[in-house]
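Student: I have a structure to look at and have not seen it before. Can you take me through it?

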Amino acid sequence: MKIDLVEKREEKAKKAMQEVVDTWNDKKEILVIYLEHTELEKAEMYILEAKSHLETEEYTMAIQSIDTANFIIDHIKDKYEFSIKNIF
């Protein structure tokens, strides 16, 4: 999606963003059982912010929101991943 924006394929990026939002909404119901709500809310906020920026054609801001959402989601994955580091 980010590459689509950089390469000026806005419609493809908008479609990909809608798929992200749909997937997030499907998975969120399960994730709230296991994960901290504040982290999920932050990720959702940046996902929806990116979608809003895409809809208003603010592509630079959309890229920033996508990057932030990716960072938060990666942090969540790392934090809750089953590993020796996370046990101790």
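Tutor: A definition to start with: a residue is buried under 20% relative accessible area, exposed over 50% and partly exposed in between, using a 1.4 Å probe and protein chains only. Buried residues make up 26% of the 88 residues in the protein chain. This is a predicted model, so local features need pLDDT of at least 70 and side-chain atom pairs count only at pLDDT 80 or more, while totals for chains, interfaces and linings use all residues. Residues are numbered from 1 along each chain as its sequence is written, and side-chain values use heavy atoms, with hydrogens and water left out.

Student: How many helices and strands are in the protein chain?

Tutor: The protein chain has 5 helices and 0 strands. Helices (H or I, at least four residues) and strands (E, at least two) are DSSP runs, numbered from the N terminus.

Student: What about contacts, what share comes from residues 24 or more positions apart?

Tutor: Of the contacts with a separation of 6 or more, 57% are between residues 24 or more positions apart. Contact means heavy atoms within 4.5 Å.

Student: Which residues touch the most other members of the largest nonpolar core?

Tutor: Met17, Trp24, Leu40, Ile47, Leu54 and Ile76 do, in a core of 16 residues. Two or more residues each come from helix 2, helix 3 and helix 4 (59-80). Helix 4 gives the largest share, 6 residues. A nonpolar core is a set of buried Ala, Val, Leu, Ile, Met, Phe, Trp, Tyr and Cys residues joined through side-chain atoms within 4.5 Å.

Student: Take Leu40. What does Leu40 touch?

Tutor: Not counting residues up to four places away in sequence, Leu40 touches Trp24, Leu31, Val32, Leu35 and Ile76. In soluble globular proteins, nonpolar side chains tend to be buried together.

Student: Where is helix 3, and which of its residues are buried?

Tutor: Helix 3 covers residues 37-55, which is 19 residues. From first C-alpha to last it reaches 27 Å, close to the 27 Å expected at 1.5 Å a residue; the expected span is 1.5 Å times one less than the number of residues. Its buried residues are Glu39, Leu40, Ala43, Glu44, Ile47, Ala50, His53 and Leu54.

Student: New topic. How many salt bridges are there?

Tutor: The count is 6, where a salt bridge is a side-chain nitrogen of Lys or Arg within 4 Å of a carboxyl oxygen of Asp or Glu. One of them joins the side chains of Lys79 and Glu36, at 2.9 Å from N to O. Lys79 lies in helix 4 and Glu36 in the loop between helix 2 and helix 3, so the pair ties together parts that are 43 residues apart in sequence. Lys79 is partly exposed at 36% relative accessibility, and Glu36 is partly exposed at 37%.

Student: And Lys77 and Asp74, how far apart are they in helix 4?

Tutor: Lys77 and Asp74 are 3 residues apart, about one helical turn. Their side chains meet in a salt bridge of 3.5 Å, N to O. There is also a network, with Glu36, Glu39 and Lys79 joined by salt bridges that share partners.

Student: What does Lys51 pair with?

Tutor: Lys51 forms a salt bridge with Glu55, with the closest N and O atoms 3.9 Å apart. Both lie in helix 3, 4 residues apart. Lys51 is partly exposed at 22% relative accessible area, whereas Glu55 is exposed at 52%.

Student: Which residue just after helix 3 has a positive phi?

Tutor: Glu57, with a phi of about 60°. Most residues other than glycine have a negative phi. Glu57 lies in the loop between helix 3 and helix 4 and is exposed, with a relative accessible area of 53%.

Student: What is Lys14 in contact with?

Tutor: Leaving aside neighbours within four places in sequence, Lys14 is in contact with Leu54, Glu57 and Tyr59. Lys14 is in helix 2 and counts as partly exposed at 24% relative accessibility. The C-alpha atoms of Lys14 and Lys51 are separated by 7.5 Å, although the two residues are 37 apart along the chain.
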